[in-house]
Amino acid sequence: MINKDENKLVNNKNVENKTMLKGISPWKIAFSRLKKNKLALTGLVVLSILIFLAITADFIAPHGRDHIDLFNVNTAPSSEYLLGTDELGRDVLSRLIFGGQVSLSVGLIATSIALVIGVMMGAIAGYTGGLVDNAIMRIVDIVMCFPFFVIAIVIASILGPSIWNVMFVIGALSWTGLARIVRAEILTLKEKEFIEAAKSLGLEGHEIITKHLLPNILAPILVFATLGIAGAILVEAGLSFLGFGVRQPQPSWGNMISAAQSMTVLRLRWWQWIPPGLLIFITVLSINFLGDGLRDALDPRLKQ
Amino acid sequence: MRKYIIRRLLLIIPVLLGISIIIFSLIHAMPGDPFAHLIDPNMTPEDKDRMLEAVGYFDPLPVQYLRWVAGAVQGEFGHSIRFKEDVLKVMWPRIQNTFVLSLSAMIFSTLLAIPLGIISATKQYSVFDYIATVAAFIGLSIPVFFFGLMLIKFVAFDLGLFPIAGMQTVASGYTGWQLLVDKARHLVLPTLVLGLASTASLMRYTRSSMLECVKQDYIRTARAKGLSERVVIYKHALRNALIPVITILSMQIPRLISGALLTETIFVWPGLARLSFQAVMNRDYPMIMGTVTVMSIVVMLSNLFADLMYAVLDPRIRYQ
């Protein structure tokens, strides 16, 4: 059943891509290239399975997320609890499935926040130039110099630990790279004739940016977004591991691993910390494969 | 060139001010009181207020900030609330520890990544290239702390090859040679963990930079005039391919220093990142400001270093 739905997901994506980008050949070329990339395709399939599991967690998880079984505390994997139970007698497998919701949504939403800030800042800096450009680039310099985890922890302790604040913190700190990319691309693009034409037609600055410039730099933005999701998932796991991200009882893969900070768990109860670690690893690996495939597929220099 | 360096150094000042203002306002917005656990519970609230007043706790924030800046430019970062000692004095040994760890991680990743990247590029699409590429992806995708915990469990506990944590065996009484070996053994696992991600990305960059170089006309010329493949690759291509690699290498420095927090936490390594983490936990304001300032300066200097190396190595680049 999983497999069937899985295929549907992939097919839907194909259809969507085709209708959305009808007639735009570079995207079709890119997509056909992506289809030939085995690693990227594997990444896409694995990701679809993980997303499917996260969405249908309520129906698939064998036990409740916070269901406590005091007769089975810290038990090893068995037929009743496929991946054993944790120190409160909760089913590890079910918590892993629910934890996927957290990790994936943090990755997606944090990256969207970074995307909005980064594209806006980069576009304004690149298009306006002069003093505005200077001011924005100094802000980028400042944020880039922040020791990431220290600042993230300070902000997290001001706002309080919650999944929304984690998304905000990661988004607010990881837009700088994108801003630089967008600015650089726009700096070269805005000298081109078609922008001059748009200007002489009397279009406003924001119209030129959104309708003429941004569509032309969609490729690097898309690649950045894909790889950004992988980065955000890793950061969320790190923050939650340190106790400043998603807090118990809500499970996240990162805060599940922090059980291994106890030496007993680390040495004797592998089922409590190795599976969430492997899941983060598999998720991030799949996204990285997909992102790298996209980069190659969208690279105009590699045209055949 | 000299003008350029001076301008870049001057540019550090506004950025540093910006960073310190933001951090200063952020840490004062944190809930909690750094003096809470230092104050004698028998003290009356009035006495407590009087004492806090004496250290300037109730001054308006801009005044407190200016006081901090005035001290900082003279190398006075104030007294740590937690350690009851001068901030610089507490930081100094931690800076050295962090330096040892990041230097060792950097040497490890450079020695491993650059040769692997070159071989990968010269044998593009071979089995070796494929395995190296997948390995690099694995290195970039595994969470640092998870990798560290796995090493601690399987290598340190189960096989007993290396110590679990710390910088040296406590109360071992080792001296001289033995002490050095003991310290080196403690350094192995943290180096692997901290160097992993850098190794992976450095390898990818070396590979793509090398591939880019091999396509150039002067390589074809070198081959055409009958040079051996060895000379073509290692003398002509490699030299030019390494220019962007060195930039990437210096860009790893910030990641090695402030990104070391998870590695330092897992291996209980007394470094700067862990110190700043503890400072945040204890609301040790002067210590947070001190550690963040040091880290930011290191980041900016290594960025400047990267740009300068670029100009030194590549005569085509001129800075004004």
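How many salt bridges are counted between chain A and chain B? In this predicted model, the count is one. The partners are B:R204 and A:D292, and their closest N and O atoms lie 3.6 Å apart.

On the side of chain A that touches chain B, several helices take part: helix 6 (130–145), helix 7 (148–159), helix 12, helix 14 (263–268) and helix 15 (270–298) of chain A each contribute at least two residues. Helix 15 of chain A gives the largest share of that side, with 11 residues. Taken as a whole, the contact draws on 39 residues of chain A and 45 residues of chain B. The size of an interface is often expressed as the accessible area that is lost when the parts come together. Here, chain A and chain B bury about 3700 Å² between them, and carbon and sulfur atoms account for 84% of this area.

Attention may now turn to a helix of chain B. Helix 7 of chain B covers residues 176–214, and its end C-alpha atoms are separated by only 49 Å. A straight helix of 39 residues, at 1.5 Å a residue, would instead span 57 Å.

A:P249 itself sits in the loop that joins helix 12 (218–242) to helix 13 (253–257) of chain A. In another loop of chain A, between helix 4 (57–60) and helix 5 (92–128), A:N74 is found with a positive phi of about 55 degrees, although A:N74 is not a glycine. The relative accessibility of A:N74 is 21%, so this residue counts as partly exposed.

At B:Y125, which is not a glycine, phi is about 70 degrees. This tyrosine belongs to the loop between helix 4 (87–122) and helix 5 (127–141) of chain B. Is B:Y125 buried or exposed? With a relative accessible area of 71%, B:Y125 is exposed.

Terms used. Residues are numbered from 1 along each chain as its sequence is written. Chains are lettered from A and ligands numbered from 1 in the order in which they are written. This is a predicted model: local features need pLDDT of at least 70, side-chain atom pairs count only at pLDDT 80 or more; totals for chains, interfaces and linings use all residues. Side-chain values use heavy atoms; hydrogens and water are left out. Helices (H or I, at least four residues) and strands (E, at least two) are DSSP runs, numbered from the N terminus. The expected span of a helix is 1.5 Å times one less than its number of residues. Buried means under 20% relative accessible area, exposed over 50%, partly exposed in between (1.4 Å probe, protein chains only). Contact means heavy atoms within 4.5 Å. Buried area is the accessible area (1.4 Å probe) that two parts lose on being put together, summed over both. A salt bridge is a side-chain nitrogen of Lys or Arg within 4 Å of a carboxyl oxygen of Asp or Glu.
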